[in-house]
Amino acid sequence: MANHMRLLRGRISSSGLRRDLAREGRRFKSSTASAVPGDETTGTRAPPGERTTLGSDVKPFHNIPGPKGLPYVGSMWEYRYGQPGLEKMKDILTERYRTYGGLMREKLAGRTRLHVFDPEHVRAVYRQEGKWPLIEPLVETTQLYREQAHHSPGLGNTNGEEWYRLRSAVHQLMMRPKEVAAYLPMVDGVAMDFVQRLCDIMDKRGHVPDLAVEVSKWNLETASAIAFHDRKHFMTINSHKAELWIKANTTIMRESGKLRYKLPLYRYLPTSSWRKVVKAEDYLTKECQQMVEDALQRLAFAEQNGQLTDNDQFRFMRGLLASPALNRSDIVTLTLSLFTDGLPSTVPSVLSVLYCLATNPEAQFRLHRELDDLVSPGSPLTSDVMNKLTYLKACVKETLRLFPVTLEISRVCPKDAVIGDYKIPEGTCIKLNGFVAHRDPAYFPDPDEFRPERWLRTSGNHDLALQREEPGEDQGQRAASDEEGQGQTGKQGQPDLTTHPYRFIPFGHGPRMCPGRRIAEQDLHVVTARLLHHFFVDWHGDQMGQKFETLMRPDCPLDFSFHPRH
Ligand code: HEM
């Protein structure tokens, strides 16, 4: 009990947030330094004509529409026990958007949240987020567990100076394209082994039992190759170990998603859900500590024996060790993030890409043609080849539009602001629900169709190039240039919403943009290239949807078949 009470002072507890807000206030006045080294994302300008200051005609916060709900618990019961139920969170939020419009206010267990659906309002939130944006923890139970166990909090679970210390230590290491491209040969090697693994285990119909688990093992193998410069054989001899990792991660994401919409009793009492989470977190942390220790020993041995012959050996570990700001606990937590964050994000995205291609044979044929031109089974995928796979990248982007992994991006308002003519008080918890724009015909014509072509444009020499238009694409520079207007101007001087830079930000934007983005994209591109070069993929199931378990994953049995093409 005492432990639970102590946890009230958690790193992103309300008092912690107040401290962070006070610090933020100081920095807004004084700081001109960029948020993370090499990042000049912030300080975006307001489009001409858009208000940024508080005036007498600004409407009060409580006038923002939203469900009334019960006293204190607010609309929590509707998510937990209403129709269509928590798993269908995406549908519930879409319905809320239809009912209340681009801004919606609701209360959940005493906490008022502002939901922001409209890309123009999303832009307004990003514009005032500052250089050290404040968030609610990505996974609240993980934040609480680490606080209790005195572990380093990890990037998505902390704010202020602690966040900056961690983020600046790994930012270049994870986000610099050159840094990530150094892992390409290893990532490609694992993807080729994965193709072989599918060939080995599929039945005569081309059906792979437990495909989601197999893709998860591929992801763990790729992540361990990057993190530890080691192949752990999770797809073969150590597959049982991988299954334990996958199970622990699934437990955390599932239970955490449920606990988010319950009264937070687990903060004071060891409820059954909380005990499951602690067991899973204990397992993952202990295993990761062991793997980090093992990697450090191998690295020391290689150093002592003059075996470190090139920079790519133990690249990630050496990068972490080179940062004096990081202690051993930070190194374990950051490595754990690299190792497991792909499970609930990259893995469902791979499954969704396969689904989109299997159910859109024309797109699949076009991709086959691109791959046949550029990829050869016996040769490694080089950066040069990857750069030319424009249709493949458009397929991945289009999949993330139709099947986004995250429903909400969190921000806490660092100072009083105006969004959509309403006053938003300092400290307001904001949820950016940009995914509704993904299915809005104003932003994406024929939004329910899988049309990778919408991401392609013809360049001067008639080659197809991938559009670079979401602000996250290049860390915000483009967003800054697009701040002049909605995007481009369409017919009759109306803003053309189909080019709005905030209509599609699957990895977020600004200094807190997903640091795993480049790693996730490389993993997705490479594995899709290898799988689709080798197989024709078919789908035999019903229409696939998504279910909510903190993040989004496929909601139905994965009835694919894989047919070798060559
Ligand atoms: C398809 C795959 C993925 C998607 C769509 C995705 C998406 C996101 C989004 C939307 C955010 C919030 C960004 C914001 O607040 O503006 C985020 C944060 C984060 N992601 Fe990812 N992610 C993916 C994969 C990964 C991977 C593979 C890793 C680890 C290697 C990772 C690590 C993180 C971390 C640590 C944060 C918190 C960053 C911070 O608060 O500074 N993500 N991700």
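A nonpolar core is taken here as a set of buried Ala, Val, Leu, Ile, Met, Phe, Trp, Tyr and Cys residues joined through C-beta atoms within 7 Å. In this predicted model, the largest such core runs to 141 residues, and the members that touch the most others are L354, L357 and C395. Helix 15 is the top contributor to this core, handing over 9 residues. As for L357, leaving aside residues up to four places away in sequence, its contacts are A363, Q364, L367, C395, L532 and V537.

Zooming out, the protein chain holds 21 helices and 14 strands. Of its 566 residues, 47% are buried. If one looks at contacts between residues at least 6 apart in sequence, 73% of them join residues at least 24 apart.

Now for the ligand. It is surrounded by 26 residues, with G156, D341, G508, C514 and G516 the closest. Helix 14 (328–340), helix 15 (346–358) and helix 21 (517–534) are the elements that each supply two or more residues to this shell. Sorted by class, the shell comprises 13 nonpolar, 10 polar and 3 charged residues.

Elsewhere, helix 5 (residues 119–127) is mostly covered, with 8 of its 9 residues buried. The buried ones are P119, H121, V122, R123, A124, V125, Y126 and R127. Their cover includes strand 1 (103–108), strand 2 (111–116), strand 3 (409–412), strand 4 (417–419) and strand 6 (429–432), along with helix 19 (435–438).

Notes: Residues are numbered from 1 along each chain as its sequence is written. This is a predicted model: local features need pLDDT of at least 70, side-chain atom pairs count only at pLDDT 80 or more; totals for chains, interfaces and linings use all residues. A residue is near a molecule or strand if its C-beta atom, placed from the backbone, lies within 6 Å of it. Helices (H or I, at least four residues) and strands (E, at least two) are DSSP runs, numbered from the N terminus. Ala, Val, Leu, Ile, Met, Phe, Trp, Tyr, Cys and Pro count as nonpolar, Asp, Glu, Lys and Arg as charged, and the others, Gly among them, as polar. A residue is buried if 20 or more other C-beta atoms lie within 10 Å of its own, exposed if 12 or fewer, and partly exposed in between; C-beta atoms are placed from the backbone. Two residues are in contact if their C-beta atoms, placed from the backbone, lie within 7 Å.
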